[in-house]
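Subject: Structure for you to look over

Dear colleague,

I am passing on the structure we spoke about, and below it you will find notes on what came out of going through it. Please read them with the model open beside you.

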Amino acid sequence: MLNTTTITHLKNVGWRGKAKSPHKISPHTKGVLFLFFVFLISGVILVANEASRPIFASELAYFSPSTTVIIDEARAKSLNWQRKIEKKYGSNKVSFVTRGVAHIKLVKYINKKPVKINIIEINPKINKDLVIKPQIAGEKLNRKAKITKIATKENAIVALNGGYFKPQTGVPLGALMVDGNYLTGPIYNRAGIGIKETDDGIKFTIGKTGIRANIFNDLVNLKIDNINQPRMLSTYVLVYTPIWGSYSPQAPQYGANALIQNGKVVKMSANPVEIPENSYVISGPKEKIYRLANMENLILDIKATENFKNVDHIIAGGPYLIKNGELYIDYKEEKLSAIVGANPRSAIGYNKDGEFMFVTIDGREKASVGMTLGQLAKFMQTLGCDNAINLDGGGSSVLYVNGKIENSPAQTGGIPISNALIVSEK
């Protein structure tokens with residue numbers, strides 16, 4: 001402790017350590033100053049070190065009550081969010097994958113039967129480096145891969161299986177947009193979630209995944225019904241791009257395929273047509289496709305409907321589970337009556353604060369019986385979701401976190417799938 005004499009000496013010392021009075025600094029005062037500056041520098045180093053790395057809630061135990069740590073506003077928000085997550089899930093197992101990403105494992109009992117659940121909660125406001133986007137299995141749509149391979153392709157820290165797909169080929173069945181480019185169009189106008197990266201963080205929106213598409217020039221304007229999807233009706237006009245595969249499908253009965261390169265029709269055939277890079281094929285009834293014969297300066301225009309305007313990514317599943325805070329399960333409208341019963345599940349949703357959630361439900365086993373769509377919707381609501389949709393489930397349901405499969409799919413590592421929703425850091 002500094003005594004009165006020492007304080008008097010300190011007041012008389014300038015910033016360079018030179019005495020303002022003609023008296024020399026005593027050895028005692030020099031010792032006090034040395035200790036004072038050592039203490040000051042040590043404190044600065046401690047604060048700098050602590051500010052340079054993430055602090056998780058669990059680390060607070062390492063600091064004694066007398067230790068003072070300066071934490072900036074962003075880190076304070078991160079700590080508060082972690083405390084909120086730990087409080088929300090109580091005694092259930094909670095771990096933090098990275099800043100703004102929590103992984104929760106729990107068991108819920110429904111009608112006295114166990115259901116094993118994995119939850120990923122994501123707060124993009126806590127970590128502005130987070131990226132959430134769909135990812136396909138390969139360079140073409142007709143590919144499948146296990147989720148570990150899909151995740152490692154983009155150095156993902158979290159990955160959840162995505163939308164439905166055709167088992168034989170792997171082609172996604174439903175709308176899929178990546179980085180503003182439509183890879184596939186919608187099926188049965190099923191529900192999807194749009195993702196937009198903004199300066200304020202990631203924003204989410206939900207809705208039906210329709211498209212508005214046409215091919216036109218000054219002489220013709222032809223409506224396009226879908227992109228890179230199996231044909232539902234012979235009267236539909238479909239477009240196939242290089243990501244579909246090397247060749248377009250066969251034209252429908254009494255139909256034709258038109259290959260368009262650089263805005264010009266260069267080939268017509270009823271047979272499958274090779275799709276070179278920077279080209280596409282228009283397929284449909286002859287009376288529609290022949291309107292394009294010998295045309296030049298054609299423009300293909302594909303836009304999302306208004307609810308998904310300007311989003312970066314879209315992933316569709318179905319049916320709705322929650323819409324604007326209310327339970328809303330439109331499985332009949334989306335032609336998904338076959339999946340209503342208790343099954344393994346995957347779902348995504350978000351709340352009004354912009355926090356995003358991945359959920360997997362294990363099922364078809366004694367240790368976990370799965371959930372019906374109704375039970376899943378109610379569970380997503382208890383998590384705080386204001387909007388949520390069901391994704392592909394059953395054998396496809398799989399969750400990857402930092403190199404490990406965290407749920408219990410029937411096949412070790414999960415079956416090969418077409419696409420996934422991934423979380424990575426820039």
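This is a predicted model: local features need pLDDT of at least 70, side-chain atom pairs count only at pLDDT 80 or more; totals for chains, interfaces and linings use all residues.

Thr360 belongs to strand E22, and with a relative accessible area of 1% it counts as buried.

The chain as a whole

The chain has 426 residues, of which 50% count as buried, and its secondary structure comes to six helices and 26 strands. Among the contacts in the chain with a separation of 6 or more, 67% are between residues 24 or more positions apart. The accessible surface comes to about 21400 Å², and carbon and sulfur atoms account for 53% of that area.

Strand E22, where Thr360 is found, is part of an open sheet of eight strands, which follow the order E1-E2-E3-E22-E21-E23-E19-E20 with antiparallel pairing. Strand E1 (93–98) and strand E20 (326–327) stand at the edges with a single partner strand each, so one side of each of them is left without a neighbour in the sheet.

At the E1 end of this order, E1 and E2 pair in the antiparallel sense over five bridges, and Ser95 stands opposite His103 in E2. These two strands form a hairpin with two residues between them, and Gly100, in the turn, has a positive phi of about 85°. Strand E2 (residues 101–110) is in turn joined by 10 bridges to strand E3 (residues 113–122), the two running antiparallel, and here His103 has Ile120 in E3 as its bridge partner.

Helix H3 (residues 73–89) lies across E1, E2, E3 and strand E22 (356–361), and runs at about 155° to E1. At 1.5 Å a residue, its 17 residues should span 24 Å, and the end C-alpha atoms are 25 Å apart, which agrees. Arg75, Ser78, Leu79, Trp81, Gln82, Ile85 and Tyr89 are the buried residues of H3; seen down the helix axis they fall within an arc of 160°, so they line one face of H3. The face turned away from that buried side carries the exposed residues Glu73 and Lys87, and just after the helix Gly90 takes a positive phi of about 55°.

Helix H6 (residues 373–382) lies across E2, E3, strand E19 (320–323), E20, strand E21 (345–350), E22 and strand E23 (387–390), running at about 35° to E19. In H6 the buried residues are Leu373, Leu376, Ala377, Phe379 and Met380, and because they cover an arc of only 165° around the axis, they are on the same side of H6. Lys378 and Thr382, on the other side of H6, are exposed, and the helix is followed by Gly384, whose phi is positive, near 100°.

A second sheet, and one more residue

Another open sheet has five strands in the order E12-E13-E16-E14-E15, and its pairing is mixed. Its edge strands are strand E12 (226–227) and strand E15 (264–269), each of which pairs on one side only. Within this sheet, strand E14 (residues 255–261) and strand E16 (residues 279–285) run antiparallel and are joined by seven bridges, with Ala256 finding its bridge partner, Gly284, in E16.

Leaving aside neighbours within four places in sequence, Asn214 is in contact with Asn221, Leu222, Lys223, Ile224, Ile299, Leu300 and Asp301. Asn214 and Val239 are 25 residues apart in sequence, and their C-alpha atoms are 9.7 Å apart in space.

Technical notes. Residues are numbered from 1 along each chain as its sequence is written. Side-chain values use heavy atoms; hydrogens and water are left out. Two strands pair if DSSP finds at least two bridges between them. Helices (H or I, at least four residues) and strands (E, at least two) are DSSP runs, numbered from the N terminus. Contact means heavy atoms within 4.5 Å. Axes are lines fitted to C-alpha atoms, for helices over the stretch in contact, and angles run from 0 to 180 degrees between N-to-C directions. The expected span of a helix is 1.5 Å times one less than its number of residues. Buried means under 20% relative accessible area, exposed over 50%, partly exposed in between (1.4 Å probe, protein chains only). The arc is that of the directions from the helix axis to the C-beta atoms. Accessible areas come from the Shrake-Rupley method with a 1.4 Å probe; for residues, only the protein chains shown count as cover.
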